[in-house]
Amino acid sequence: MDTQFIRPQAAELVRRLKEPRRFIQSISGARQVGKTTLAMQVAERSKLPGHFASADEPTLRAGDGWIASQWEEARRLAGAARNKSALLILDEVQKIPRWSETVKGLWDEDTRARRKVKVVLLGSAPLLIGRGLTESLAGRFETLHLPHWSFTEMRQAFGWDLKRYLFYGAYPGAAPFIRQPERWSRYIKDSLIETTVSRDVLLLSRVDKPALLRQLFEIGCAYSGQILSYRKLAGQLNDQGNITTLAHYLDLLAGAGALAGLQKYTGSAVARRRSMPKIQVFNTALITAQSGMTMREVFADRPALGRLTESAVGAHLLNAAAGGECELFYWRHHNHEVDFVLRKGKKLVAIEVKSGKAPGVFPGMEAFAKKFKPTRVLLVGKGGVSVETFLSASVARWFR
């Protein structure tokens with residue numbers, strides 16, 4: 001990634017590293033959202049002597065000893081520094097066996113010896129990193145969530161307008177290729193989709209049917225924005241598997257920051273888990289790169305544009321939810337439906353997305369409002385808040 005654009009999360013991480021009290025800092029996020037770039041920018045701005053190492057380089061890896069050797073280099077830098085402090089950045093740390101136990105031991109040694117090695121951990125499998133932190137490093141870490149890039153960030157970094165953002169999504173590394181659409185599509189499929197499905201997801205859990213997982217991902221991207229029963233979803237797959245397996249694989253794809261199944265908003269947590277999922281991508285590039293359609297064809301096809309617009313709004317909300325800003329659901333009862341429901345504490349926001357001409361009446365919104373009394377009902381699109389305005393605003397704005 002050659003952009004020098006600095007994401008807002010960088011300032012927060014620099015602030016944390018300057019605090020007297022030490023915590024292990026974990027940057028969590030999907031593949032290609034700029035975790036390594038952010039960490040290097042933070043290292044430069046922190047003014048600390050630092051050591052960066054990536055476990056993605058197999059020639060440097062030697063089991064448990066690899067982490068210890070990187071840690072010793074950071075200790076050496078700290079000992080030579082005027083303020084006796086140094087920064088250690090470990091990338092793709094989840095690829096090291098028993099990494100969390102090793103980090104815990106070294107961190108506790110430094111704590112007892114009052115060494116001031118500050119540690120940042122990165123990884124392309126957010127759930128796996130989170131699992132190691134909570135199991136072995138409780139009380140010793142903070143997590144900084146790095147979502148997919150927003151419309152505002154892509155506009156500031158690359159000068160994109162709304163049309164480009166809707167079609168090309170939010171992978172900064174792919175931005176230089178958009179003038180060569182076929183090359184852009186190959187990059188998304190080969191460097192992002194293939195590595196996410198074949199490498200990141202398979203690290204999270206045992207996957208007995210990798211081909212089924214891949215088919216689920218492809219079909220899920222094609223059906224983003226639609227509510228599908230697991231039985232209907234299974235009917236689209238060559239190797240149908242069972243409903244429990246499909247639900248598990250969908251959870252794994254969500255954990256990798258690729259594709260999620262939104263739950264229906266109800267008053268019961270059990271009922272939500274039993275509901276049919278609404279499929280939603282984290283990044284619209286995952287739809288268009290596999291669609292075979294050009295940008296011009298998508299914008300000339302009203303149904304396709306409508307689905308893409310709703311998925312872009314959904315991705316904006318899903319990334320906010322993944323970062324803990326809110327909870328995200330959909331709602332449907334008989335013929336009444338609401339595209340998205342946001343919840344934060346006791347506040348609810350109901351959102352309907354319309355890319356074409358909006359009707360005068362929204363029976364789904366009216367039925368939801370009557371039943372649940374939301375804080376706000378919001379129309380995104382013609383007749384309401386423009387898509388560009390909505391994607392440019394923080395999700396927190398709609399709860400005020």
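1. **Ground rules.** Since the model is predicted, local features need pLDDT of at least 70 and side-chain atom pairs count only at pLDDT 80 or more, while totals for chains, interfaces and linings use all residues. Residues are numbered from 1 along each chain as its sequence is written, and side-chain values use heavy atoms, with hydrogens and water left out.

2. **Cavities in general.** The structure holds three cavities of 30 Å³ or more. On a 1 Å grid over the protein atoms alone, a cavity is a set of points where a 1.4 Å probe fits but cannot get out, and lining residues have an atom within 4 Å of a point. Grid points are joined across faces, edges and corners, and a volume is the space filled by probe spheres set on the points.

3. **The largest cavity.** This one has about 70 Å³ of space. Its lining consists of Ala30, Arg31, His148, Tyr171, Leu192, Ile193, Thr196, Phe217, Ala256, Gly257, Ala258 and Leu286. Helix 8 (residues 181-204) gives the most, with three residues; helices here are DSSP runs (H or I, at least four residues), numbered from the N terminus. By class, the lining has eight nonpolar, three polar and one charged residues. For the classes, Ala, Val, Leu, Ile, Met, Phe, Trp, Tyr, Cys and Pro count as nonpolar, Asp, Glu, Lys and Arg as charged, and the others, Gly among them, as polar.

4. **The second largest cavity.** You get about 60 Å³ of space here, but look at the lining: Arg16, Leu17, Glu19, Arg21, Arg22, Phe23, Gln25, Lys118 and Glu142. Six of these are charged, with two nonpolar and one polar.

5. **The second largest pocket.** A pocket, on the grid already described, is an open set with protein on both sides within 12 Å along at least five of seven lines. Helix 6 (151-158), helix 15 (302-322) and helix 17 (387-392) each supply at least two lining residues, and helix 15 has the largest share, with five. The lining splits into 13 nonpolar, 14 polar and three charged residues.

6. **Helices 1 and 2.** Two packed helices are described by the angle between their axes and the distance between the axes. The axes are lines fitted to C-alpha atoms, for helices over the stretch in contact, and angles run from 0 to 180 degrees between N-to-C directions. For helix 1 (residues 9-18) and helix 2 (residues 35-46), the axes come within 9 Å and cross at roughly 50°. That makes the pair oblique, given that angles under 35 degrees count as roughly parallel, over 145 as roughly antiparallel, 65 to 115 as roughly perpendicular and the rest as oblique. Gln9, Ala10, Leu13, Val14 and Leu17 of helix 1 touch Leu38, Val42 and Arg45 of helix 2 (contact means heavy atoms within 4.5 Å). That contact has six nonpolar, one polar and one charged residues.

7. **Helices 3 and 4.** Helix 3 (residues 65-80) and helix 4 (residues 99-113) have axes that come within 10 Å and cross at roughly 25°, so the two are roughly parallel. From helix 3, Ile67, Ala68, Trp71 and Arg75 meet Trp99, Thr102, Val103, Leu106, Trp107, Glu109 and Asp110 of helix 4. The class count for this contact is seven nonpolar, one polar and three charged.

8. **Helices 9 and 11.** Helix 9 (residues 210-222) and helix 11 (residues 243-255) pack at about 70°, with axes 10 Å apart, and are therefore roughly perpendicular. Leu212, Leu213, Leu216 and Phe217 on helix 9 meet Thr245, Leu246, Tyr249, Leu250 and Leu253 on helix 11. No charged residues take part in this contact, which has eight nonpolar and one polar. Phe217 also turns up in the lining of the largest cavity.
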